[in-house]
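Dear colleague,

I am handing over the structure below, and after it you will find a short account of what was found. Please have the sequence at hand as you read.

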Amino acid sequence: MNPNLSLIIPCYNEEVILRNSINRILEVLNSARFSYEIILIDDCSMDGTVNVIKQLVKEHPETAIKPIFHKQNEGRGKTVNDGILNSVAEIVGFID
């Protein structure tokens, strides 16, 4: 069954803040009455963002975290659009 919400999070050089941000987002979403997936899209970061995303997927196997990794920087608009194209929920949103 598809989740109720697809939450798209475009990422570019987010190594320092991504883990805390995702943990706070998970606290909120886990207290909700609907199902969800989180789509993390790295837009060719030049720091350790890719490794943080991979670690988050491993640390939260019970959560539908879908990672996408751009091979070249595409910009915020294309990154969000890729998230929309890869979402499966009826409701799609994004946050920076």
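The four strands make up an open sheet, in which the order is 3-2-1-4 and the pairing is parallel, where two strands pair if DSSP finds at least two bridges between them. Helices (H or I, at least four residues) and strands (E, at least two) are DSSP runs, numbered from the N terminus. Strand 3 and strand 4 (91–94) are the edge strands, each pairing on one side only, and from one strand to the next the twist averages 20 degrees.

This is a predicted model, in which local features need pLDDT of at least 70 and side-chain atom pairs count only at pLDDT 80 or more, while totals for chains, interfaces and linings use all residues. Residues are numbered from 1 along each chain as its sequence is written, and side-chain values use heavy atoms, with hydrogens and water left out.

Strand 1 (residues 5–11) pairs with strand 4 in the parallel sense over four bridges, and S6 stands opposite V92 in strand 4. Helix 2 packs on the sheet and touches strand 1, strand 2 and strand 3, contact meaning heavy atoms within 4.5 Å. The direction of helix 2 makes about 155 degrees with that of strand 3 (axes are lines fitted to C-alpha atoms, for helices over the stretch in contact, and angles run from 0 to 180 degrees between N-to-C directions).

In the loop between helix 2 (49–59) and strand 3 (65–69) lies H60, which, leaving aside residues up to four places away in sequence, touches N23, L26 and I65.

Best regards
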